[in-house]
Amino acid sequence: MGCASFFYTLLITFSVALITYNIIISANAPLRQDFPGPGNPSSSSSRLFSMDPIIKMPLDRSKTTSQKRLFHTAVTASDSVYNTWQCRVMYYWFKKFKDGPNSEMGGFTRILHSGKPDNFMDEIPTFVAQPLPPGTDQGYIVLNRPWAFVQWLQNADIKEDYILMAEPDHIIVKPIPNLSTDGLGAAFPFFYIEPKKYESVLRKFFPEEKGPITNIDPIGNSPVIVGKASLKKISPTWMNISLAMKKDPEVDKAFGWVLEMYAYAVSSALHGVGNILYKDFMIQPPWDTEVGKKFIIHYTYGCDYDMKGKLTYGKIGEWRFDKRSYDNVAPPKNLPLPPAGVPESVVTLVKMVNEATENIPNWGA
């Protein structure tokens with residue numbers, strides 16, 4: 001038994017060292033365009049780049065398949081207090097809805113890219129990934145995300161055939177079905193991901209022979225449901241393009257904090273993986289005011305209101321909920337609810353955070 005454990009540890013160490021070496025090489029060399037898959041002329045999928053389809057959701061998903069197509073939910077995180085309390089809340093609600101009606105939610109993994117276990121390994125199913133070599137992320141910690149996915153996909157035993165890439169600041173509000181279909185991913189469209197606007201920059205990574213710039217979907221990497229086999233091909237490209245974009249001053253200035261979102265969109269297109277643009281995937285309070293048919297609340301923006309329920313965005317409100325207020329300490333239990341007149345989406349968000357913190361053992365630990 002000891003020999004087997006030693007051999008497994010040695011194998012993981014060797015794999016991580018090999019990938020780390022490749023990262024260092026790719027980060028210091030020109031980006032190659034002959035990626036596996038569509039970039040390879042011998043690949044049969046390369047012909048997909050000549051297509052520019054208009055993709056619509058099936059009107060009746062129940063007719064597409066009678067068998068459940070389970071997806072594995074994966075969330076990357078650091079070991080910071082800020083990321084940890086969000087993951088704990090996220091996992092609480094994942095468990096609440098996993099077995100609900102129409103759910104095709106399978107397993108769950110927090111991909112912890114701190115390189116070492118933390119105190120929540122027993123609470124949240126966790127895969128420990130190694131961080132990028134020191135200095136590689138240039139202070140942009142999000143670059144660890146694609147690198148963490150590469151490690152997880154190579155080394156973890158993932159039972160499901162599909163992956164939902166989610167984030168710590170996502171709260172699931174109802175059971176999620178597998179929204180992908182016919183080899184297409186399902187992704188939320190972001191208004192600020194604009195391939196046409198940045199075509200001249202993106203052509204450095206998506207040359208004209210790959211097809212029109214509209215082949216790049218206006219998406220990030222989350223939330224996205226995509227086939228596991230597709231993501232295994234996309235992830236190394238996503239990692240390399242993210243590193244190359246960060247090294248390029250023009251690209252870095254153009255994309256800023258959404259750089260690795262663009263990198264994923266480009267990588268998905270390079271591998272011929274189109275996406276259903278599913279606006280009902282999630283809401284983002286305070287701009288989205290109703291939960292409706294949505295599946296996820298993404299609380300990336302601060303919510304500031306006066307006591308009459310009027311939004312005071314850009315100015316700290318008399319009542320506020322902003323995740324950034326809790327970067328060094330978890331939010332306390334029983335946060336005050338917003339005043340009358342505040343939209344349903346914000347009220348629901350705070351109530352769900354309160355329920356989670358009330359029921360998660362050792363909250364604040």
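Mentor: One definition comes before anything else: strands are DSSP runs of E with at least two residues, helices are runs of H or I with at least four, and both are numbered from the N terminus. Keep in mind that this is a predicted model.

Trainee: In which element is Pro 223 found?

Mentor: The peptide bond leading from Ser 222 to Pro 223 is cis, with omega near -5°. As for its place in the chain, Pro 223 belongs to strand 7.

Trainee: Where is Pro 286 placed?

Mentor: A cis peptide bond joins Pro 285 to Pro 286, and its omega is near 5°. Pro 286 is placed in the loop between strand 9 and strand 10.

Trainee: Is Asp 182 buried or exposed?

Mentor: Asp 182 has a positive phi of about 55° although it is not a glycine. Its place is in the loop between strand 5 (170-172) and strand 6 (185-189). The cut-off for exposed is over 50% relative accessible area. Because Asp 182 has a relative accessible area of 73%, the residue counts as exposed.

Trainee: Which residues lie nearest the centre of the largest pocket?

Mentor: The largest pocket holds about 800 Å³ of space. Its lining has 11 nonpolar, 14 polar and 6 charged residues. Of the 31 lining residues, those nearest the centre are Val 142, Glu 167, Asp 169, Trp 257 and Lys 323.

Trainee: Which elements each supply at least two residues of the lining of the largest pocket?

Mentor: Both strands and helices are on the list. The strands are strand 1 (71-77) and strand 7 (219-227). The helices are helix 2 (81-97), helix 3 (144-155) and helix 7 (259-270).

Trainee: How many residues apart in sequence are the parts tied together by Glu 355 and Lys 96?

Mentor: Side chains of opposite charge can pair when their charged atoms come close. Glu 355 and Lys 96 form a salt bridge, with their closest N and O atoms 3.2 Å apart. Since Glu 355 lies in helix 8 (residues 344-359) and Lys 96 in helix 2, the parts tied together are separated in sequence by 259 residues.

Trainee: How many residues apart are Asp 79 and Lys 116, which also pair?

Mentor: The side chains of Asp 79 and Lys 116 meet in a salt bridge at 3.5 Å, N to O. Asp 79 is in the loop between strand 1 and helix 2, while Lys 116 is in the loop between strand 2 (105-112) and strand 3 (126-128), which puts the two apart by 37 residues.

Trainee: Is Lys 294 buried or exposed?

Mentor: Lys 294 meets Asp 280 in a salt bridge, 3.4 Å from N to O. Buried means under 20% relative accessible area. Lys 294 has a relative accessible area of 19%, so this residue is buried.

Trainee: Which residues are linked in a network of salt bridges?

Mentor: The whole structure has 16 salt bridges. The residues linked in a network are Asp 304, Arg 320, Asp 322 and Arg 324.

Trainee: Are the rings of Trp 93 and Phe 97 stacked or edge-to-face?

Mentor: There are 24 aromatic pairs in the structure. Planes under 30 degrees apart count as stacked. The rings of Trp 93 and Phe 97 have centres 5.9 Å apart and planes at 25°, so the pair is stacked.

Trainee: Which residues do ring pairs link into a cluster?

Mentor: Phe 191 and Tyr 192 make an edge-to-face pair, 5.1 Å centre to centre, with 80° between the planes. Phe 191 is exposed at 66% relative accessibility, whereas Tyr 192 is buried at 16%. The cluster linked by ring pairs consists of Phe 188, Phe 190, Phe 191, Tyr 192 and Trp 257.

Note on methods: Residues are numbered from 1 along each chain as its sequence is written. This is a predicted model: local features need pLDDT of at least 70, side-chain atom pairs count only at pLDDT 80 or more; totals for chains, interfaces and linings use all residues. Side-chain values use heavy atoms; hydrogens and water are left out. On a 1 Å grid over the protein atoms alone, a cavity is a set of points where a 1.4 Å probe fits but cannot get out, and a pocket is an open set with protein on both sides within 12 Å along at least five of seven lines; lining residues have an atom within 4 Å of a point. Grid points are joined across faces, edges and corners, and a volume is the space filled by probe spheres set on the points. Ala, Val, Leu, Ile, Met, Phe, Trp, Tyr, Cys and Pro count as nonpolar, Asp, Glu, Lys and Arg as charged, and the others, Gly among them, as polar. A salt bridge is a side-chain nitrogen of Lys or Arg within 4 Å of a carboxyl oxygen of Asp or Glu. Buried means under 20% relative accessible area, exposed over 50%, partly exposed in between (1.4 Å probe, protein chains only). Rings of Phe, Tyr and Trp (its six-membered ring) pair if their centres lie within 6.5 Å; planes under 30 degrees apart count as stacked, over 60 as edge-to-face and the rest as tilted.
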